[in-house]
Amino acid sequence: SRRGNTGHQLYPWFAIDEGGHANEQYGRVWFGALGWSGNWKLVIEETPGHRVRVTGGFNDFDFSYPLAPGEHLDTPPYYGGFSSNGFGGASRRLHRLELNELLPDHRNPHVRPVLYNSWEATTFNVNEAGQKVLAEKAARIGVERFVMDDGWFGARNNDKAGLGDWTVNPHKFPQGLGGLIHYVNSLGMDFGLWFEPEMVNPDSDLYRAHPDWAMHFPGRPRSESRNQLVLNMARDDVRDYIFQALDKMLSANNIKFIKWDMNRHFAEPGWPEVPIAAQKEIWVKYVQNVYWIMDQLRAKHPGLEIESCSGGGGRVDLGVLQHTDEVWTSDNTEAFDRLRIQEGFTYAYSPKVMMAWVTDVPNMNGRSTPLQYRFLVAMQGSLGIGANLNKWQTQDFDLATRMITLYKSIRTTVQTGDLFRLLSPREGEVTANQYVSRDGKQAVLFA
């Protein structure tokens with residue numbers, strides 16, 4: 001990757017089998033992954049002696065990091081493993097590594113709560129009354145965490161303005177967020193909030209005050225994507241501003257969860273404010289400062305959980321998973337497509353961190369599937385609901401209540417057990433996945 005971070009296009013993970021003969025259950029497989037969320041490079045080569053060698057780490061593209069006497073630079077952790085039980089065995093070993101050693105809660109593990117997110121119901125049109133109505137309906141079906149998405153801050157009425165101004169919109173929430181959060185908590189749910197800390201809209205108070213804080217090269221245009229620019233998080237003043245803005249929101253409100261978004265890759269990755277010799281450090285210091293903010297927020301606010309929602313789920317790797325609790329898997333939540341998406345995700349990452357939502361139909365590709373089908377697909381990871389509950393009928397609420405109750409009885413096995421991918425959605429008309437609890441006392445089969 002030369003895009004500044006990991007993403008859907010390029011993942012720092014590999015698996016190699018012997019002679020091309022391995023399958024899910026049988027065969028010798030070597031695998032590995034990098035613990036890094038920035039530019040990365042893996043090199044796989046066959047030597048003249050017919051050995052296969054794999055090396056990996058920082059990408060050397062545009063990379064330079066001069067070290068003065070006494071300075072040091074930690075290179076990315078490189079995890080490697082072997083399985084004699086095929087690709088399925090390789091996946092299970094990686095899942096255990098993540099659950100037992102890497103995830104923030106690995107010392108005191110707990111299952112992921114059932115989540116509701118109000119984005120598809122309200123988009124940018126959020127207000128206290130409307131969110132309370134959705135919260136009531138979410139609590140009714142057994143949801144444990146209510147998340148308000150984009151639109152609550154700054155001049156944020158669409159995606160053209162407001163990013164960077166992390167203060168509550170006074171027109172939408174004249175009394176702040178306290179009343180809504182208290183109501184959500186009274187319904188038995190904790191409260192989460194959407195942020196996109198690494199980005200800025202040119203139409204924002206932050207950009208008007210600090211245009212130099214966006215990545216840029218002097219004399220070159222600034223390329224916008226989704227009407228936004230990338231903040232230069234390698235700068236410590238930018239890092240400190242973002243930390244203080246988020247810390248202020250968390251300190252003033254009972255917020256237990258951050259949906260941390262990042263909806264574009266780097267462009268014009270310049271840092272002209274530092275000496276030329278240090279400008280290429282931007283690729284590394286950017287990631288280090290993002291990790292730093294996440295860690296400082298977690299340290300100051302015990303119990304805070306964070307979702308990596310970058311680029312529609314793109315930033316997932318063994319680096320960011322040491323700072324975040326779950327990952328937004330893909331913006332494509334259509335249940336039939338998700339069978340293949342979720343299969344691919346679980347080659348490297350545990351179902352516990354794989355957010356899987358039940359959303360409305362028809363979805364992105366015009367396909368419609370029954371609500372029960374959508375639940376059964378989403379129940380194979382960490383379950384969330386993103387549908388517009390205001391459009392549901394009585395039978396939908398009844399079904400959802402039953403499915404969520406069922407999910408709670410199996411989620412420990414789904415999230416932390418051993419996954420066996422029995423039948424692939426890429427190979428036939430039936431997909432089948434089996435989850436077996438660590439103690440061997442429960443097995444769950446989805447088909």
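Modeller: Helices (H or I, at least four residues) and strands (E, at least two) are DSSP runs, numbered from the N terminus. This is a predicted model, in which local features need pLDDT of at least 70, side-chain atom pairs count only at pLDDT 80 or more, and totals for chains, interfaces and linings use all residues. Residues are numbered from 1 along each chain as its sequence is written, and side-chain values use heavy atoms, without hydrogens and water.

Biologist: Where is Glu 268 found?

Modeller: Glu 268 is in the loop between strand S11 (257–262) and helix H7 (282–300).

Biologist: What is phi of Glu 268 near?

Modeller: Most residues other than glycine have a negative phi, and most peptide bonds are trans. In Glu 268, however, phi is positive, near 45 degrees. Thr 123, likewise not a glycine, has a positive phi of about 45 degrees; Thr 123 belongs to the loop between helix H2 (119–122) and H3. As for the peptide bond, the one from Val 361 to Pro 362 is cis, with omega near -5 degrees. Pro 362 lies in the loop that joins strand S14 (354–358) to H9.

Biologist: Does Glu 268 count as buried or exposed?

Modeller: Buried means under 20% relative accessible area, exposed over 50%, and partly exposed in between (1.4 Å probe, protein chains only). Glu 268, at 17% relative accessibility, counts as buried, while Thr 123, at 31%, is partly exposed. Of the 17 residues of H1, 13 are buried, so this helix is largely enclosed by the rest of the structure.

Biologist: At what angle do H8 and H9 pack?

Modeller: Two packed helices are described by the angle between their axes and the distance between the axes. Helix H8 (residues 335–346) packs on helix H9 (residues 371–378) at about 15 degrees, with axes 9 Å apart; the two are therefore roughly parallel (angles under 35 degrees). Contact means heavy atoms within 4.5 Å: Ala 335, Phe 336, Arg 338, Leu 339 and Gln 342 of H8 meet Tyr 373, Arg 374 and Val 377 of H9.

Biologist: At what angle do H3 and H4 pack?

Modeller: Helix H3 (residues 128–140) and helix H4 (residues 178–186) pack at about 10 degrees, their axes 10 Å apart. H3 is thus roughly parallel to H4. The residues in contact include Glu 128 and Lys 132 of H3 and Leu 180 and Tyr 183 of H4.

Biologist: With which residues is Ala 22 in contact, leaving aside its neighbours within four places in sequence?

Modeller: They are Asp 17, Gly 27, Arg 28, Val 29 and Phe 87. Ala 22 sits in the loop between strand S1 (13–17) and strand S2 (29–34), and is buried at 14% relative accessible area. Ala 22 and Gly 88, 66 residues apart in sequence, are 9.9 Å apart in space, C-alpha to C-alpha.

Methods: Axes are lines fitted to C-alpha atoms, for helices over the stretch in contact, and angles run from 0 to 180 degrees between N-to-C directions. Angles under 35 degrees count as roughly parallel, over 145 as roughly antiparallel, 65 to 115 as roughly perpendicular and the rest as oblique.
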